[in-house]
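Subject: Structure for you to look over, with notes

Dear colleague,

I am passing on the structure we spoke about, and my notes on it follow below. Please keep the sequence and the model open beside this message while you read.

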Amino acid sequence: MINDKQIIFSGIQPSGDSVTLGNYLGAIKHWTKLQDEYNCIFSVVDMHAITVRQEAAALRKNTLSLLAQYIACGIESEKNILFIQSHVSAHAELAWILNCYTQMGELNRMTQFKDKSKKHPENINAGLFTYPVLMAADILLYQTDLVPVGVDQKQHLELARDIAHRFNSIYGDVFTIPEAYIPEKGAGAKIMSLQNPTAKMSKSDPNPNACISLLDKPEDIVRKIKRAVTDSEAEVCYREGKDGVNNLLTIYSSVTGISIDDAVKEFSGSGYGDFKLRVGEAVAEHLIPIQKKYDDLMKNKDYLESIYKNGAEVASSVARRTINKVKKKVGFIVG
Ligand code: TYM
């Protein structure tokens, strides 16, 4: 790469029409703070999305929309490499090679595979099973130092490290060993469902009130947070066992920048009704300028196209170096 800053890689699946507040607070918002200090590469990982059946037109639309959401959230196209995963064929090439250096037993232990298999019993495809290997390829192709993700991706990242160690132990130092960069508890590492605060907020949740989308209308955001499940104590504090209130305090602190301790002081004596209303309003206010920027970007498809085309070119040239080295190491004739 052009300078000696450390390398960051991360990505989000374009598997819905908008990212969730969990994706935003657990990942994208942290990415924006890293873009000056690191060489950042952010991908819209469309190849991961097809491990669950997608409608083709919707996937195309959601992929472009996700790129616009990255930029609307403050990821600057001039500072970072932004690209669509399927545009850089080295991801699929490296994933195949790494599949041959990954054990079935390792993949069998992945909790996300178990969860998704339960959710989609009619389509437990091989891609869903080997998905963490594609994720390892994404990361290792760019000699990534740090991977900023929510806590749910920790196990996948550990597998990527194990695969890299294994490959390096056979062939010498081919891959940089990546480190996870996970926000602290209370700083968005795991935003919980509004309806079941012991489960993570997820775009695939069948209950529309469980999840806030980045592009939800302000009134819908306020309404969903007003209905959030809390507890019967009526005391706003951050404490073990108060999952619903802890989650709302985390969300409030993340969008306002006020620490959780200060937020607790601010709401001391408030009832849950007032607390939820203020959290809802704070989230809506935070998202309004992002939504406005998103709407403007989606009117300018040529601009978005120029970003992803340029991003794919730069990403391909970086990835090419690693994939060629790997091919030589395993014994392929490199043309
Ligand atoms: P995905 O698309 O499920 O989620 C994208 C990012 O959002 C984080 N996240 C959350 N953080 C906090 N609270 C939540 N409720 C929440 N839900 C999601 C995720 O941890 C993630 O950081 N396999 C990845 C995508 C991927 C990837 C990569 C990430 C593919 N290749 C390489 C990093 C590096 C995934 O499915 O994320």
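Is Cys-40 buried or exposed? Cys-40 is buried, with a relative accessible area of 2%, where buried means under 20% relative accessible area, exposed means over 50%, and partly exposed is what lies in between, calculated with a 1.4 Å probe on protein chains only.

Before the rest, a word on the basis of these notes. This is a predicted model, in which local features need pLDDT of at least 70 and side-chain atom pairs count only at pLDDT 80 or more, while totals for chains, interfaces and linings use all residues. Residues are numbered from 1 along each chain as its sequence is written, and side-chain values use heavy atoms, with hydrogens and water left out.

Cysteines

A disulfide is a covalent bond between the sulfur atoms of two cysteines. The structure holds 0 disulfides, taking a disulfide as a pair of cysteine sulfur atoms within 2.5 Å. Cys-40 is accordingly in no disulfide, and the nearest cysteine sulfur, which belongs to Cys-73, is 15 Å away.

Helix H1 and its two partners

Two packed helices are described by the angle between their axes and the distance between the axes. Helices here are DSSP runs of H or I with at least four residues, strands are runs of E with at least two, and both are numbered from the N terminus. The axes are lines fitted to C-alpha atoms, for helices over the stretch in contact, and the angles run from 0 to 180 degrees between N-to-C directions.

The axes of helix H1 (residues 21–34) and helix H10, which spans residues 243–256, come within 11 Å and cross at roughly 50°. H1 and H10 are therefore oblique to each other; angles under 35 degrees count as roughly parallel, over 145 as roughly antiparallel, 65 to 115 as roughly perpendicular, and the rest as oblique. The crossing of H1 with H10 is left-handed, a term used if the near helix is turned anticlockwise from the far one by less than a right angle, with right-handed used if clockwise. Leu-21, Leu-25 and Lys-29 of H1 make this contact with Ile-251, Ser-254 and Val-255 of H10, contact meaning heavy atoms within 4.5 Å. By class, the residues in this contact of H1 with H10 are 4 nonpolar, 1 polar and 1 charged, where Ala, Val, Leu, Ile, Met, Phe, Trp, Tyr, Cys and Pro count as nonpolar, Asp, Glu, Lys and Arg as charged, and the others, Gly among them, as polar.

Ser-254, in H10, is buried at a relative accessible area of 11%, and, not counting residues up to four places away in sequence, Ser-254 touches Leu-25, Lys-29, Ala-187 and Gly-188.

For H1 and helix H12 (residues 272–298), the axes come within 13 Å and cross at roughly 70°, which makes H1 roughly perpendicular to H12. This crossing of H1 and H12 is also left-handed, and the contact is formed by Leu-21, Tyr-24 and Lys-29 of H1 with Val-283, His-286, Leu-287 and Ile-290 of H12. The classes in the contact of H1 with H12 are 5 nonpolar, 1 polar and 1 charged.

Helix H7 and what follows it

The axes of helix H4 (residues 90–99) and helix H7 (residues 126–141) come within 8 Å and cross at roughly 120°, which makes H4 oblique to H7. The crossing of H4 and H7 is right-handed, and by class their contact has 10 nonpolar, 3 polar and 1 charged residues.

Ile-139 lies in H7 and is buried, with a relative accessible area of 2%. Leaving out residues up to four places away in sequence, Ile-139 touches Phe-9, Thr-144, Val-147, Leu-157, Ala-160 and Pro-178. Of these, Leu-157 is 18 residues from Ile-139 in sequence and 8.9 Å from it in space, C-alpha to C-alpha.

Most residues other than glycine have a negative phi. Gln-143, in the loop between H7 and strand E4 (146–148), has a positive phi of about 50° although it is not a glycine, and at 22% relative accessibility Gln-143 counts as partly exposed. Ala-234, in the loop between helix H9 (218–226) and H10, likewise has a positive phi, of about 60°.
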